[in-house]
Amino acid sequence: MSNIGDDDSGLEDVKTFDGSDIYADDGSVRSDFLMHVGAAIADRDTIYLRQHVAGLHSSELGDLLEAIQPEQRLALVSLLGKEFDLSALTEVDEAIRLDIVDHMPNEQIAEAIGEMDSDDAVYILEDLDQEDQDEILAKLPFTERVRLRRSLDYPESTAGRRMQTEFVAVPPFWTVGQTIDYMREDEDLPESFTQIFVIDPTFKLLGAVDLDRVLRTKRSVKVDAIMHDTSHAIPAEMDQEEAAQLFEQYDLLSAAVVDDNGRLVGVLTIDDVVDVIQEEAEEDLLRLSGVGDEELSDSVAEASRSRVPWLFINSMTACISASVIGLFDATIQQIVALAILMPIVAGMGGNAGSQTMTVTVRALATRGLDIHNAPRIIRREAGVGLLNGMIFGTLIGLVAGLWFQDPNIGGIIATAMLINMMAAALAGILVPLCLDRFGADPAVSSAVFVTAITDITGFFSFLGIATWWFHVT
């Protein structure tokens, strides 16, 4: 076995890697650290791996798993054994997570899950086959098994799936002193929390007390005298994106999660909400590009499969655009300049439509655009389209007129540019609004339709105006 620390290639600088050490200036995992870890895996140097890898934070270990080669991931997990932090799998792509979990024995998964927070445990379990889920849950203590099963029973992407079932709850008649003693003596409390919830004997949520309020109040005061209403309790079946918007709107650090009967079933914390916000933002970005939930770890076949449907639809709309051009083939044959300038009109319209569409989809996602302000926003975007159409129509018209020494060409493309920029602005806002109105996801469907509209409008207006103008003159 080689002694990695004696390598004289500059790798001797790697020592304990206490978090900041494993990252380069650009935020990626340091290449020298990856080289050390790769060599340790190849040499099966468990001492080095336990010293420098096992103690990493779960997010750091997740970054390491994504940076190393697929075959090295499985070897690393195997070499670390029980010292592998399973919560690191909540920080990696789904494909990587499933690949690692599929190669781990259920006994090891069950043991690791028993030491994890319930929200992280659910995140791991929800992607497993039902048979594996049942086998793993059967190895857990009864109370923990019931809690995890209840979370898994809630629909995917809801607050119930994201919540943590470990929380602190006390009856309203307890005193502050009893509450403090309880928190000091009970060993099953969450590792960190900011609120104490107040419940009745049926677990119905009555209110909450902030931890700092408890510490500032005399021991003899009853909890119901200092508790406040939990006006922002989150229904367990609320969509996780809506729950995240509540956190953003009211600056929450944590919030109670209740079932249909108002009974306390869990707590949603800010760290989970940050993950939700990032996840939803990435999802919207990918959907706007028509690639679904594709991840970097996906295979060639998986990546292709996620992109094909919308590319197929786009090919159909492209054929429609081409058929519009075919209507004016005689005009194009007579005036070659039209064929050269056509892409400018369509391209500018497509870009303008994409800008408006992106703003609109984001506004719909954050609920900044609704039925009350939609008319005003539509008028604004139409104004933007008109102004930009005048600016770029004039600019492109002058360039085209000078290029081909024909003011007619300049006037035609300027007029077509104005029409298409207006159409692009209206399509960019109206298409997402209509899709949202009929229950379709505008982030997924808008791009292909907006592009089709701007292409068809651009080609038809440019070639149609040219045909009419040169016919009458």
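Q: With which residue does Arg-380 form a salt bridge, and how far apart are the closest N and O atoms?
A: Start with the general idea. Side chains of opposite charge can pair when their charged atoms come close. Now the case here, in a predicted model. Arg-380 forms a salt bridge with Glu-381. The closest N and O atoms are 2.4 Å apart.

Q: Is Glu-381 buried or exposed?
A: Glu-381 counts as buried, at 7% relative accessibility. The cut-off for buried is under 20%.

Q: How many salt bridges does the count come to?
A: The count comes to 10 salt bridges.

Q: Which side chain meets Asp-127 in a salt bridge?
A: That of Arg-97, with 2.8 Å from N to O. Asp-127 sits in the loop between α7 (118-125) and α8 (130-138), while Arg-97 belongs to helix α5 (residues 94-102), so the pair ties together parts that are 30 residues apart in sequence.

Q: Is Arg-97 buried or exposed?
A: Arg-97 counts as buried, at 4% relative accessibility. Asp-127 is partly exposed, with a relative accessible area of 22%.

Q: What does the side chain of Arg-149 meet?
A: The side chain of Asp-134, in a salt bridge of 2.8 Å, N to O. Arg-149 lies in helix α9 (residues 142-153) and Asp-134 in helix α8, so this pair links parts that are 15 residues apart in sequence. Both ends are partly exposed: Arg-149 has a relative accessible area of 26%, and Asp-134 has 36%.

Q: Now the strands. In what order do β4, β5 and β6 form a sheet?
A: First the general idea. Strands of a sheet pair through backbone hydrogen bonds, either parallel or antiparallel. In this structure, 3 strands form an open sheet in the order β4-β5-β6. The pairing is mixed.

Q: Which strands stand at the edges?
A: β4 (234-235) and β6 (264-269) do. Each has a single partner strand, so one side of each is left without a neighbour in the sheet.

Q: How many bridges join β4 to β5, and do the two run parallel or antiparallel?
A: 2 bridges join β4 to β5 (residues 254-258). The two strands run parallel.

Q: Which residue in β5 stands opposite Pro-235?
A: Val-258. To find this spot in the model, go to Pro-235 and look across to Val-258 in β5.

Conventions
Residues numbered from 1 in each chain as written. Predicted model: local features only at pLDDT ≥ 70, side-chain atom pairs only at ≥ 80, totals over all residues. Heavy atoms only, no water. Pairing = 2+ DSSP bridges. Helix = DSSP H or I, 4+ residues; strand = E, 2+ residues; numbered from the N terminus. Salt bridge = Lys/Arg side-chain N within 4 Å of Asp/Glu carboxyl O. Buried < 20%, exposed > 50% of the residue type's maximum accessible area, 1.4 Å probe, protein only.
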